[in-house]
Amino acid sequence: MRVMMALVFSILALLVSVVSCGSVLPSHDPNFFFSPLNWDMKSYTSSNPGAYFKVNVTGTSQVSLVLSPLASDQPATPYMTLRYSVCNAPYVDVTLTVMNTTIMMATGLNPSSYCQVIVYIKNSLQQLNRWYSSNGKSSAPTCSVSVAGLGVDDGAKTVPVTLSPKRMLVYWDSIGEGVYDLGHLIPYTDLVDNDSTQTWIFALAAGLQAEVSVVAYGRQGYTIVGNGQVPPLYTPNNDTFSAWNKNFEGSSRLDSNGLFPSPPDYIFCGHGTNDWGKNASHAAVAEAALGWLTAVRKAAPKAHIFLTVPFGGFYVDPINQAYTKYQSVSDDSLVYWLDLGAAGAVGVNAQGRSMYAADGVHPLAARDGQLGAMLAVNA
């Protein structure tokens with residue numbers, strides 16, 4: 001079965017066309033919108049499933065995605081899935097290998113019309129390096145993608161896209177990454193079972209009318225290292241081993257003043273599930289959650305911050321200790337305790353497989369939609 005799936009992915013990769021377009025609209029064009037705080041904005045690189053960019057183009061009959069090559073020893077096998085739509089056409093998924101540099105996305109377009117292009121990182125192989133530079137050869141981790149721009153006809157140009165009025169930043173774990181939200185096949189593979197675009201995060205973003213920045217890594221916790229060698233969310237007195245303020249090693253999410261350069265209106269954090277799963281110290285989790293809350297407030301002075309209990313209700317006490325201690329000192333009216341309680345925990349509280357979760361913890365896409373709506377109502 002695994003051999004067959006590898007063969008299918010290899011065939012799909014071969015179908016990714018290397019094309020010759022008239023010119024390239026570069027990623028640094030100001031009309032490109034990259035989901036804020038997801039991308040290294042010097043190289044337009046991201047390792048976050050759920051990250052996306054969008055732009056309108058006109059004056060072209062074709063559009064291709066042009067990628068910057070990754071300096072990596074990763075073999076030419078699929079490691080990531082991109083999902084794209086051009087001119088509101090149905091989404092198309094394409095699997096990437098490090099060999100892909102140009103992907104033809106659409107032909108036969110009407111050059112006189114305006115056409116929106118949107119590209120998401122749908123999923124990636126969680127165990128590949130998502131954090132450290134690829135064998136010291138580049139600043140991009142092995143499991144990442146670098147966008148150079150869009151290949152178009154000569155004379156084509158970009159047009160600003162219509163954006164949602166608000167901005168939202170979400171820190172989460174595999175449940176935010178979309179692990180198992182398409183089911184739990186045997187044998188399991190990240191590139192088949194996971195879909196970051198169908199998680200509760202995008203439902204919540206729609207409810208709050210926000211463009212969203214998804215920062216979610218499988219197995220990560222307040223104190224737990226995530227898949228792909230990603231450090232814990234926050235390690236007291238150790239910035240190097242803290243992930244909250246970095247896209248990956250060497251790429252800061254913060255500006256020179258220690259602020260988010262694209263200030264979010266809303267910040268949600270729902271870590272704790274993997275701390276519970278690894279039986280982390282309650283005191284350590286409380287200290288890390290408090291440290292993160294204090295630090296993220298400095299980086300986003302005006303944001304509404306929601307310290308959110310994991311859907312399964314895991315580690316409520318240490319997380320609440322962090323919230324209570326923070327408020328006892330700060331009395332911050334824009335920091336909120338958010339707990340969906342028993343209603344949110346149905347089917348995802350580690351009580352076995354259910355109609356809502358193939359493994360009893362990670363919600364299926366339908367349950368994701370419910371949870372996103374519940375958060376939007378309660379936020």
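This is a predicted model: local features need pLDDT of at least 70, side-chain atom pairs count only at pLDDT 80 or more; totals for chains, interfaces and linings use all residues.

Residues are numbered from 1 along each chain as its sequence is written, and side-chain values use heavy atoms, with hydrogens and water left out.

Now step back into H7 itself, which covers residues 316-330. Helices (H or I, at least four residues) and strands (E, at least two) are DSSP runs, numbered from the N terminus. H7 has 15 residues and reaches 21 Å from first C-alpha to last, close to the 21 Å expected at 1.5 Å a residue; that expected span is 1.5 Å times one less than the number of residues. Its buried residues are Pro-318, Ile-319, Ala-322, Tyr-323, Tyr-326 and Gln-327. Here, buried means under 20% relative accessible area, exposed over 50%, and partly exposed in between (1.4 Å probe, protein chains only). An α-helix has 3.6 residues a turn, so residues three or four places apart point the same way. The cover over the buried residues of H7 includes helix H6, strand E17 and strand E18, where contact means heavy atoms within 4.5 Å.

On to the aromatic rings. Rings of Phe, Tyr and Trp (its six-membered ring) pair if their centres lie within 6.5 Å; planes under 30 degrees apart count as stacked, over 60 as edge-to-face and the rest as tilted. By this rule there are 20 aromatic pairs. One of them is Trp-200 with Phe-311, edge-to-face at 5.3 Å centre to centre and 90° between the planes. Trp-200 sits in helix H4 and Phe-311 in the loop between E17 and H7, so this pair ties together parts 111 residues apart in sequence. Trp-200 is buried at 0%, and Phe-311 is buried at 4%. Then there's Phe-306 with Tyr-336, a stacked pair at 4.8 Å and 25°. Phe-306 belongs to strand E17 and Tyr-336 to strand E18, so parts 30 residues apart in sequence are tied together.

Finally, look for charges. A salt bridge puts a side-chain nitrogen of Lys or Arg within 4 Å of a carboxyl oxygen of Asp or Glu, and the whole structure has 7. In one, Lys-54 meets Glu-211 at 3.0 Å, N to O. Lys-54 is in strand E4 and Glu-211 in strand E13, 157 residues apart, and both are buried.
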